[in-house]
Amino acid sequence: MRAAGVTEFGGPEALHIVDVAPEPLGPGQVRLRVEAAAVSPTDTHARSGAYAERDPVKTPPWVPGMDVAGTVTEVGQGVEHLAVGDPAMGIVVPFGPYGAYREDKVLPGDSVVRAPEGADAVAASTLPMNGLTARLSLDLMGLQPGQVLAVTGAAGAYGGYVVQLAKADGLTVVADASQADEELVRGLGADVVVRRGDDVADRIRERFPDGVDGLADGSVQDELVLPAVRDGGAVATVRGYRGNGERGLRFFPTLVRKVATDRAALDRLRQQVEDGAVTLRVARTFPAEQAAEAHRVLEAGGVRGRLVLTF
(Lines give C-alpha, C1' and ligand atoms only; values in the text may rest on other atoms or scores of the structure.)
Protein backbone atom coordinates (compact mmCIF):
# COMPACT_ATOMS: atom_id res chain seq x y z
CA MET A 1 0.00 0.00 0.00
CA ARG A 2 1.06 3.63 -0.52
CA ALA A 3 2.89 5.74 2.00
CA ALA A 4 4.99 8.89 1.87
CA GLY A 5 8.36 8.13 3.37
CA VAL A 6 12.11 8.08 2.95
CA THR A 7 14.54 5.36 2.02
CA GLU A 8 17.47 7.65 2.83
CA PHE A 9 17.31 10.46 5.36
CA GLY A 10 17.73 13.95 4.00
CA GLY A 11 15.99 17.15 2.97
CA PRO A 12 12.41 17.46 1.73
CA GLU A 13 13.42 15.92 -1.60
CA ALA A 14 14.05 12.62 0.24
CA LEU A 15 10.29 12.15 0.69
CA HIS A 16 8.58 10.08 -1.99
CA ILE A 17 5.86 7.47 -2.36
CA VAL A 18 6.95 4.10 -1.01
CA ASP A 19 5.25 0.73 -0.81
CA VAL A 20 4.61 -0.57 2.72
CA ALA A 21 3.13 -3.80 3.99
CA PRO A 22 -0.31 -3.77 5.63
CA GLU A 23 -0.30 -3.80 9.42
CA PRO A 24 -2.03 -6.73 11.15
CA LEU A 25 -4.94 -5.89 13.44
CA GLY A 26 -4.85 -7.21 16.99
CA PRO A 27 -7.17 -7.10 20.00
CA GLY A 28 -7.92 -3.59 21.20
CA GLN A 29 -6.79 -2.02 17.94
CA VAL A 30 -8.50 0.02 15.21
CA ARG A 31 -7.80 0.16 11.48
CA LEU A 32 -8.34 3.43 9.64
CA ARG A 33 -8.53 4.13 5.96
CA VAL A 34 -6.47 7.30 6.16
CA GLU A 35 -7.88 10.29 4.32
CA ALA A 36 -5.67 12.98 5.87
CA ALA A 37 -2.40 13.24 7.79
CA ALA A 38 -1.23 16.56 9.22
CA VAL A 39 2.38 17.72 8.79
CA SER A 40 4.38 18.92 11.80
CA PRO A 41 7.93 20.08 12.57
CA THR A 42 8.51 16.74 14.27
CA ASP A 43 7.92 15.07 10.91
CA THR A 44 10.65 17.14 9.29
CA HIS A 45 13.09 16.10 12.01
CA ALA A 46 12.16 12.44 11.46
CA ARG A 47 12.64 12.81 7.71
CA SER A 48 16.12 14.26 8.21
CA GLY A 49 17.18 11.36 10.46
CA ALA A 50 17.23 13.23 13.77
CA TYR A 51 15.47 10.33 15.50
CA ALA A 52 17.15 7.47 13.66
CA GLU A 53 19.25 6.32 16.60
CA ARG A 54 16.23 5.74 18.80
CA ASP A 55 14.11 4.14 16.07
CA PRO A 56 14.01 0.37 16.63
CA VAL A 57 13.60 -0.16 12.88
CA LYS A 58 16.97 0.16 11.14
CA THR A 59 15.95 -0.63 7.56
CA PRO A 60 13.98 1.55 5.11
CA PRO A 61 11.45 2.84 4.49
CA TRP A 62 10.76 5.26 7.32
CA VAL A 63 7.36 6.95 7.34
CA PRO A 64 6.80 10.16 9.36
CA GLY A 65 3.57 11.57 10.75
CA MET A 66 1.78 11.84 14.09
CA ASP A 67 -1.82 12.80 13.16
CA VAL A 68 -4.37 10.88 11.11
CA ALA A 69 -8.04 11.10 10.29
CA GLY A 70 -10.21 8.93 8.12
CA THR A 71 -12.77 6.15 8.30
CA VAL A 72 -12.78 3.12 10.58
CA THR A 73 -12.58 -0.03 8.45
CA GLU A 74 -11.95 -2.66 11.14
CA VAL A 75 -12.03 -2.90 14.94
CA GLY A 76 -10.27 -5.44 17.09
CA GLN A 77 -11.71 -7.47 19.93
CA GLY A 78 -12.61 -5.31 22.91
CA VAL A 79 -13.04 -2.02 21.03
CA GLU A 80 -16.52 -0.69 21.79
CA HIS A 81 -16.26 3.08 21.34
CA LEU A 82 -15.89 2.90 17.55
CA ALA A 83 -17.58 0.97 14.76
CA VAL A 84 -16.81 0.28 11.12
CA GLY A 85 -17.76 3.31 9.06
CA ASP A 86 -17.19 5.88 11.80
CA PRO A 87 -15.25 9.04 10.89
CA ALA A 88 -12.33 9.07 13.29
CA MET A 89 -9.07 10.79 14.20
CA GLY A 90 -6.02 9.47 16.01
CA ILE A 91 -2.54 10.20 17.28
CA VAL A 92 0.36 8.15 15.94
CA VAL A 93 3.65 7.35 17.70
CA PRO A 94 5.75 6.82 14.57
CA PHE A 95 8.61 4.42 14.05
CA GLY A 96 9.99 2.64 11.02
CA PRO A 97 7.29 2.46 8.33
CA TYR A 98 4.46 2.95 10.85
CA GLY A 99 4.01 6.73 10.83
CA ALA A 100 0.86 8.55 9.79
CA TYR A 101 1.73 9.22 6.14
CA ARG A 102 0.17 5.99 4.86
CA GLU A 103 -3.20 5.18 3.38
CA ASP A 104 -4.02 2.47 5.93
CA LYS A 105 -3.10 2.74 9.63
CA VAL A 106 -3.60 0.47 12.64
CA LEU A 107 -3.60 2.15 16.04
CA PRO A 108 -4.32 1.27 19.64
CA GLY A 109 -8.02 1.78 20.20
CA ASP A 110 -7.29 4.29 22.94
CA SER A 111 -5.39 6.47 20.44
CA VAL A 112 -8.48 6.91 18.25
CA VAL A 113 -11.82 8.66 18.80
CA ARG A 114 -14.64 9.86 16.61
CA ALA A 115 -13.89 12.97 14.59
CA PRO A 116 -15.67 16.14 15.72
CA GLU A 117 -19.17 16.45 14.33
CA GLY A 118 -19.13 18.63 11.24
CA ALA A 119 -15.36 18.44 10.73
CA ASP A 120 -14.03 16.70 7.63
CA ALA A 121 -10.97 14.45 7.79
CA VAL A 122 -8.59 17.23 6.78
CA ALA A 123 -9.69 19.46 9.65
CA ALA A 124 -9.89 16.59 12.14
CA SER A 125 -6.32 15.52 11.38
CA THR A 126 -5.00 18.84 12.72
CA LEU A 127 -6.14 18.19 16.29
CA PRO A 128 -4.73 15.05 17.94
CA MET A 129 -0.99 15.65 18.37
CA ASN A 130 -0.94 19.41 18.94
CA GLY A 131 -4.16 19.34 20.93
CA LEU A 132 -2.92 16.63 23.26
CA THR A 133 0.46 18.36 23.61
CA ALA A 134 -1.26 21.60 24.61
CA ARG A 135 -3.54 19.78 27.03
CA LEU A 136 -0.59 17.97 28.61
CA SER A 137 1.36 21.21 29.02
CA LEU A 138 -1.52 22.77 30.91
CA ASP A 139 -2.09 19.69 33.05
CA LEU A 140 1.60 19.50 34.00
CA MET A 141 1.73 23.16 35.02
CA GLY A 142 -1.43 22.80 37.07
CA LEU A 143 -2.43 26.46 37.09
CA GLN A 144 -5.70 27.43 38.75
CA PRO A 145 -8.52 29.57 37.32
CA GLY A 146 -7.62 33.23 37.52
CA GLN A 147 -3.87 32.68 37.31
CA VAL A 148 -1.88 34.13 34.42
CA LEU A 149 -0.34 32.08 31.63
CA ALA A 150 2.04 33.42 28.99
CA VAL A 151 2.13 31.70 25.60
CA THR A 152 4.90 32.19 23.04
CA GLY A 153 4.40 31.04 19.47
CA ALA A 154 0.71 31.73 20.03
CA ALA A 155 -0.08 31.92 16.30
CA GLY A 156 1.27 28.42 15.76
CA ALA A 157 -0.65 25.17 16.05
CA TYR A 158 0.51 24.21 19.56
CA GLY A 159 0.42 27.77 20.85
CA GLY A 160 -3.03 28.41 19.44
CA TYR A 161 -4.45 25.34 21.15
CA VAL A 162 -2.77 26.34 24.43
CA VAL A 163 -4.43 29.75 24.27
CA GLN A 164 -7.88 28.30 23.64
CA LEU A 165 -7.61 25.49 26.18
CA ALA A 166 -6.21 27.85 28.81
CA LYS A 167 -9.14 30.21 28.33
CA ALA A 168 -11.51 27.25 28.67
CA ASP A 169 -9.73 26.43 31.94
CA GLY A 170 -10.40 29.92 33.26
CA LEU A 171 -6.86 31.28 32.98
CA THR A 172 -5.83 34.80 32.02
CA VAL A 173 -3.69 34.55 28.87
CA VAL A 174 -0.96 36.89 27.64
CA ALA A 175 0.29 35.81 24.23
CA ASP A 176 2.86 36.99 21.73
CA ALA A 177 2.24 37.83 18.08
CA SER A 178 3.73 39.65 15.16
CA GLN A 179 1.78 42.66 13.96
CA ALA A 180 0.36 40.53 11.15
CA ASP A 181 -0.81 37.83 13.58
CA GLU A 182 -2.21 40.04 16.34
CA GLU A 183 -5.81 39.83 15.15
CA LEU A 184 -5.52 36.04 14.82
CA VAL A 185 -4.17 35.63 18.35
CA ARG A 186 -6.80 37.93 19.83
CA GLY A 187 -9.41 35.89 18.00
CA LEU A 188 -8.13 32.76 19.70
CA GLY A 189 -9.00 34.38 23.02
CA ALA A 190 -5.80 35.94 24.37
CA ASP A 191 -6.59 38.62 26.97
CA VAL A 192 -3.35 40.53 26.32
CA VAL A 193 -1.21 40.43 23.17
CA VAL A 194 2.41 41.62 23.15
CA ARG A 195 4.81 41.86 20.24
CA ARG A 196 6.87 38.74 19.65
CA GLY A 197 10.68 38.81 19.61
CA ASP A 198 13.78 38.31 21.73
CA ASP A 199 12.53 40.95 24.18
CA VAL A 200 9.11 39.38 24.68
CA ALA A 201 9.85 38.74 28.37
CA ASP A 202 10.28 42.48 28.93
CA ARG A 203 7.01 43.18 27.14
CA ILE A 204 5.19 40.63 29.30
CA ARG A 205 6.67 42.11 32.49
CA GLU A 206 5.46 45.55 31.43
CA ARG A 207 1.90 44.20 31.59
CA PHE A 208 2.44 41.84 34.53
CA PRO A 209 5.18 43.40 36.70
CA ASP A 210 5.22 40.53 39.22
CA GLY A 211 5.68 37.97 36.46
CA VAL A 212 3.26 35.38 35.12
CA ASP A 213 2.35 32.18 36.94
CA GLY A 214 3.11 29.93 34.02
CA LEU A 215 4.64 29.93 30.55
CA ALA A 216 4.04 27.66 27.56
CA ASP A 217 7.06 28.27 25.34
CA GLY A 218 5.78 27.30 21.92
CA SER A 219 8.38 29.41 20.13
CA VAL A 220 11.21 27.48 21.86
CA GLN A 221 12.98 30.60 23.09
CA ASP A 222 14.14 28.82 26.26
CA GLU A 223 16.19 31.07 28.56
CA LEU A 224 15.22 34.25 26.68
CA VAL A 225 11.65 34.14 27.97
CA LEU A 226 12.25 32.90 31.52
CA PRO A 227 12.39 36.43 33.00
CA ALA A 228 8.67 36.73 32.23
CA VAL A 229 7.86 34.10 34.87
CA ARG A 230 7.58 34.86 38.58
CA ASP A 231 9.90 33.11 41.05
CA GLY A 232 8.72 29.53 41.50
CA GLY A 233 6.49 29.68 38.45
CA ALA A 234 5.85 26.87 35.97
CA VAL A 235 7.34 26.51 32.48
CA ALA A 236 6.18 23.99 29.86
CA THR A 237 8.64 23.32 27.03
CA VAL A 238 8.28 21.32 23.81
CA ARG A 239 11.88 20.43 22.91
CA GLY A 240 13.07 19.00 26.22
CA TYR A 241 14.51 22.21 27.70
CA ARG A 242 14.86 21.85 31.48
CA GLY A 243 15.90 25.34 32.50
CA ASN A 244 18.85 26.99 34.15
CA GLY A 245 18.13 26.12 37.79
CA GLU A 246 17.41 29.72 38.74
CA ARG A 247 14.68 31.30 40.87
CA GLY A 248 12.96 28.03 41.71
CA LEU A 249 11.28 27.80 38.31
CA ARG A 250 9.58 24.47 37.72
CA PHE A 251 10.08 22.96 34.26
CA PHE A 252 7.79 20.53 32.51
CA PRO A 253 9.14 19.15 29.22
CA THR A 254 6.00 18.09 27.38
CA LEU A 255 6.29 14.72 25.61
CA VAL A 256 3.03 13.86 23.89
CA ARG A 257 4.00 10.19 23.53
CA LYS A 258 3.19 9.84 27.23
CA VAL A 259 -0.48 10.57 26.56
CA ALA A 260 -0.85 8.94 23.15
CA THR A 261 -3.34 6.46 24.60
CA ASP A 262 -5.26 8.94 26.77
CA ARG A 263 -8.55 8.41 24.99
CA ALA A 264 -10.49 10.51 27.50
CA ALA A 265 -8.26 13.53 26.83
CA LEU A 266 -8.55 13.13 23.06
CA ASP A 267 -12.31 12.76 23.26
CA ARG A 268 -12.52 15.83 25.47
CA LEU A 269 -10.76 17.78 22.72
CA ARG A 270 -13.32 16.47 20.24
CA GLN A 271 -16.11 17.73 22.48
CA GLN A 272 -14.45 21.13 22.88
CA VAL A 273 -14.28 21.49 19.09
CA GLU A 274 -17.98 20.67 18.87
CA ASP A 275 -18.71 23.18 21.65
CA GLY A 276 -16.77 25.91 19.84
CA ALA A 277 -14.03 26.26 22.46
CA VAL A 278 -11.33 24.91 20.13
CA THR A 279 -10.81 25.92 16.50
CA LEU A 280 -9.40 23.62 13.81
CA ARG A 281 -7.12 25.56 11.45
CA VAL A 282 -6.09 24.21 8.06
CA ALA A 283 -3.54 26.26 6.12
CA ARG A 284 -3.23 24.17 2.95
CA THR A 285 -3.59 20.64 1.65
CA PHE A 286 -1.29 18.56 -0.56
CA PRO A 287 -1.84 15.15 -2.15
CA ALA A 288 0.44 12.59 -0.53
CA GLU A 289 2.55 12.55 -3.68
CA GLN A 290 3.52 16.15 -2.87
CA ALA A 291 4.71 15.46 0.68
CA ALA A 292 8.13 16.86 -0.19
CA GLU A 293 6.57 20.19 -1.17
CA ALA A 294 4.56 20.25 2.07
CA HIS A 295 7.81 19.86 4.03
CA ARG A 296 9.45 22.63 2.00
CA VAL A 297 6.57 24.98 2.74
CA LEU A 298 6.60 24.16 6.46
CA GLU A 299 10.35 24.64 6.78
CA ALA A 300 10.15 27.98 4.98
CA GLY A 301 8.18 29.26 7.98
CA GLY A 302 5.21 31.54 8.40
CA VAL A 303 2.55 28.82 8.16
CA ARG A 304 -0.59 29.60 10.17
CA GLY A 305 -2.67 26.52 10.80
CA ARG A 306 -1.65 23.04 9.70
CA LEU A 307 -0.48 21.67 6.38
CA VAL A 308 -2.25 18.40 5.59
CA LEU A 309 -1.51 15.51 3.26
CA THR A 310 -4.50 13.85 1.62
CA PHE A 311 -4.84 10.23 0.49
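Colleague: What should I keep in mind about the source before reading the features?

Modeller: This is a predicted model, in which local features need pLDDT of at least 70 and side-chain atom pairs count only at pLDDT 80 or more, while totals for chains, interfaces and linings use all residues. Residues are numbered from 1 along each chain as its sequence is written, and side-chain values use heavy atoms, with hydrogens and water left out.

Colleague: How many residues does helix α3 have, and what span is expected?

Modeller: Helices (H or I, at least four residues) and strands (E, at least two) are DSSP runs numbered from the N terminus, and the expected span of a helix is 1.5 Å times one less than its number of residues. Helix α3 (residues 128-141) has 14 residues and reaches 20 Å from its first C-alpha to its last, close to the 20 Å expected. G142, whose phi is positive, near 65°, follows α3.

Colleague: How many residues of α3 are buried?

Modeller: Buried means under 20% relative accessible area, exposed over 50%, and partly exposed in between, with a 1.4 Å probe and protein chains only. In α3, 12 of the 14 residues are buried, so the helix is largely enclosed by the rest of the structure; among them are M129, L132 and M141.

Colleague: How many residues of α4 are buried?

Modeller: In α4, 10 of its 12 residues are buried, including Y158, Y161 and L165.

Colleague: Is T152 buried or exposed, and which residues is T152 in contact with?

Modeller: T152, which lies in strand β8 (residues 148-152), is buried, with a relative accessible area of 1%. Contact means heavy atoms within 4.5 Å; leaving aside neighbours within four places in sequence, T152 is in contact with residues including D176, L215 and V225.
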